[in-house]
Structure formats: C-alpha cells, structure tokens
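Grab a pencil and have a look at the protein below.

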Amino acid sequence: MIDIPSIIPHRYPFLMIDRIIEIEQGKWAKGYKNVTCNEWFNTETSHIMPSMMIVEALAQLGAFTTSSKENSLGFLSSLNGLEIIGNAYPGDRVELYYEVIKNRRGFVLGKGEATVGNQVIIRAEEIMIYIQGSS
C-alpha cells in the first residue's frame, strides 16, 4: 500500500484520492476515489460529485506521480481540453489515470482520465501541475 499523506499535503476533506493502486514513478499512476453519500459536497438537492473535484483528484494523482520528496508541494497550474462526459454518484468508484507527457523545471504536463464502470466521465488532454520544491 502506498502512503499518500507522506507525499502530498492534502488531508480530509480535500484529499480526493482514496488509494493509489499502480504507479510507474515519473510516468503514470492509477488510483481511485469511492464516492459516498456523506461527502461534504453532497447536499439535499445535489447528489453528484462535482466535476471539478474529479479534476482535482486527477491533479493530485499527477502531483503524486511526479513528486517523491516529502517537502514538495503540487499546484494545479493549467487545464486544457477538458471534456465532461458523465457524473459520479454515491456508491460509484471513480477510477483515475494520470500520464506524464512532459516534466521540465518543476512543471509537469500530463493527461488524465476518470471512469466509472468502464465509462469515461472526464477526460483532460492537458493538466499542468507546478511542483514546488522539486529541484
């Protein structure tokens, strides 16, 4: 099991990854988020996980993929080619995948995909993350 809190500083309620299941450091990572009915973003009128929280989960996964230092900190820097295709509801497991395209001087460019039950719900062509303390 991979210890997420030792690499990225996010904690509940803003840690959007439950587990990293596979990783090739500096290249790609797979993880997941189980959506529950008691999440802070669920309200009486809305029972979906906001799409931007799923994008945040992909960015957190990207920061984890490229950061191996305990003192580094990742920031979502830019987002391009975002396609929102579906939603995640309580009871769903959102499978996350982030692949590094380029890594230069602390800026990591990658692409990400989130699926629920083999259906793509979010696809991002470019997710750029700045890793502070990476040098």
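This is a predicted model: local features need pLDDT of at least 70, side-chain atom pairs count only at pLDDT 80 or more; totals for chains, interfaces and linings use all residues.

**Exercise 1.** Find out where Leu 82 sits and which residues it touches.

*Solution.* 
- Step 1: look up the strand. Leu 82 belongs to E3, which covers residues 73-84.
- Step 2: check the surface. Leu 82 has a relative accessibility of 34%, so it counts as partly exposed, because that label covers values between 20% and 50%.
- Step 3: list the contacts, skipping residues up to four places away in sequence. You get Met 52, Val 55, Ile 122, Arg 123 and Ala 124.

**Exercise 2.** Look for aromatic pairs in the whole structure and sort out how two of them are arranged.

*Solution.* 
- Step 1: count. The search turns up three pairs.
- Step 2: take Trp 40 and Phe 41. Their ring centres are 5.5 Å apart and the planes meet at 75°, so call this one edge-to-face. Trp 40 is partly exposed at 42%, whereas Phe 41 is buried at 7%.
- Step 3: take Phe 107 and Tyr 130. With 4.9 Å between centres and 45° between planes, this pair is tilted. Phe 107 is in strand E5 and Tyr 130 in strand E6, so the pair ties together parts 23 residues apart in sequence.

**Exercise 3.** Which ring does the charged end of Arg 93 sit over?

*Solution.* Go to Tyr 32: the charged end of Arg 93 is 3.6 Å from the centre of that ring.

Technical notes: Residues are numbered from 1 along each chain as its sequence is written. Side-chain values use heavy atoms; hydrogens and water are left out. Helices (H or I, at least four residues) and strands (E, at least two) are DSSP runs, numbered from the N terminus. Buried means under 20% relative accessible area, exposed over 50%, partly exposed in between (1.4 Å probe, protein chains only). Contact means heavy atoms within 4.5 Å. Rings of Phe, Tyr and Trp (its six-membered ring) pair if their centres lie within 6.5 Å; planes under 30 degrees apart count as stacked, over 60 as edge-to-face and the rest as tilted. A charge sits over a ring if NZ of Lys or CZ of Arg is within 6 Å of the ring centre and within 35 degrees of the ring normal.
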